[in-house]
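This briefing is meant for someone meeting the structure for the first time.

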Amino acid sequence: MSFFLFADIIFLFGDSMNKINGKSYLLIGLILILVGIFNLIGNVSLFRSIADLTLIIMVLITIKDLFSLIVKKPKIDIKLFIRIINVFIATLAFIFHDYSIAIVPIIFAIYTIGNAIVYFINFAIVKINTSRYGVRYFFCGLIYLAVGIMILFRPLINLGFMLNIIGIYAILLGTTFIFDYLQINHYYRFLKIRISLPSIIEAFIPLSVLRSINKEINNNKEIDYEYTKVNQKPDLEIFIHVTEKGFGRLGHMDICFNNEIISFGNYDISSYKFHELFGHGIVFITNEKEKYIKFCIKDTKKTLFSFGLKLTEKEKQEVENNIKKIKEELKEWQPPCLKDNKKHIDYSSRLYKATKADFYKFKKSKYKIFFVLGNNCVSLANRIIGKNLRDKFKFYGVMTPGTYYDYLEREYMKKRGIVVSKKIYSKLNINKFHL
């Protein structure tokens, strides 16, 4: 049984997990554990049986759609042609079912190799800018690459191996969901290590939530924009940005500490490479929190999710020290609008005009190069947050703003979670929100 089906379900209904008291975590956790057990026990034989049944259902559905169209519209048109092609493809997939089944391990292998490439790129970025770190990226990349190549070139022979990996992962992930449910309902606080959803799914969680909110608004439902769990002012805020289009769908992440917003990104338009995947790492700092939020909403049509965290004195001190160390590594950088009198429409120039933010580059650091799938906004935010607070998160692998959103949303639902407030800033409440 393919775990990807259940991953898609989690993604499609991820927004519902944010609206109820956590019972969905228990349900999803049990489903994932069952999927994992079926993968380990039934393995290849069970997978083949379910795959064959799925292919038969596909053939029957395409034939039904074809006859329904013929009955309703007997004339020949493009829709009829498409239905005939669908029947033909579904029938071929059933006849050559071994090739159809091989698609699943091939997709798994490609995803694994993609992760390996990301790790190798991050390793190269670290080694170019500093020789002290990066070994873990290299070895993680090697492991992913070896597994991916082994499955890619012999997908059916290694089908059992792939199913075992997915089975173990599904059980561990399901256990994480169940433990989250127990903590949400205040039964106990445990589980030091979290197993996260695949990065490719987590990356789109903020977008899924945004679309769910927009759908409810379109249906004239009331939306809560501000949530507080305790009557305490948060010590640190994490902003997760998301838009409906472009790279903004993957989200962005800022840190706000002592009313000072610190953000890391690819803000130097002259350094863009491969459609903004790479560029010079730029940090901007502003204490104009309200102006910045309004700029994000009006200028780039973003929706911002703000999570407020209550920190211990030790954690606050570490965050303060980390910000101080980062500032010592920076050198001033000017957006294009400060270099000449021409009209500039790049993001950094627009941001400067709106907030008078200060911009910087790194003198020498792995952050000199920005990489959207690794050395990104989350990477610097992790450094600011510090080890003491990060140990509570226990993130592993490639992290995205969606990784943080998923975690912070769960922490807010927990009675003893470190997240004490949540706010949504959008074009609909831009003139109403309280900062």
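A crossing of two helices is called left-handed if the near helix is turned anticlockwise from the far one by less than a right angle, and right-handed if it is turned clockwise. In this predicted model, the crossing of helices α5 and α6 is left-handed.

**Confidence**

- The mean pLDDT of the protein chain is 79, and 81% of the residues in the chain reach 70 or more.
- Residues 1-20 have a pLDDT below 50, although this stretch makes 44 contacts in the model beyond near neighbours in sequence.

**Helix packing**

- Helix α5, which covers residues 97-129, packs with helix α6, residues 135-153, at an angle of about 160°, and their axes lie 7 Å apart.
- Since angles over 145 degrees count as roughly antiparallel, α5 and α6 are therefore roughly antiparallel to each other.
- Sorted by class, the residues in the contact of α5 with α6 are 22 nonpolar and five polar, with no charged residues.
- Helix α6 also meets helix α7, residues 159-184, where the two axes come within 9 Å and cross at roughly 135°, an angle that makes α6 oblique to α7.
- On the α6 side of this contact are V147, M150 and I151, and these meet F161, M162 and I165 in α7.
- The contact of α6 with α7 is made up of six nonpolar residues, with no polar and no charged ones.

**The sheet**

- Nine strands form an open sheet with antiparallel pairing, and their order across the sheet is β1-β11-β7-β2-β3-β4-β6-β9-β8.
- The edges of the sheet are formed by β1, residues 226-228, and β8, residues 330-332, each of which pairs on one side only.
- From one strand to the next, the twist averages 25°.
- Helix α13, residues 377-385, packs on the sheet and touches β2, β3, β4, β6 and β9, while the direction of α13 makes about 25° with that of β3.

**Pairing around β9**

- Strands of a sheet pair through backbone hydrogen bonds, either parallel or antiparallel.
- Strand β9, residues 358-362, runs antiparallel to β8, and three bridges join these two strands.
- Between these strands, E332 has Y360 in β9 as its bridge partner, and K331 stands opposite K361 in β9.
- Strand β9 also pairs with β6 in the antiparallel sense, here over four bridges, and I282 has K361 in β9 as its bridge partner.

Technical notes
Residues numbered from 1 in each chain as written. Predicted model: local features only at pLDDT ≥ 70, side-chain atom pairs only at ≥ 80, totals over all residues. Heavy atoms only, no water. Pairing = 2+ DSSP bridges. Axes fitted to C-alpha atoms, helices over the stretch in contact; angles between N-to-C directions. Contact = heavy atoms within 4.5 Å. Parallel < 35°, antiparallel > 145°, perpendicular 65-115°, else oblique. Nonpolar A, V, L, I, M, F, W, Y, C, P; charged D, E, K, R; others polar. pLDDT = per-residue confidence, 0-100.
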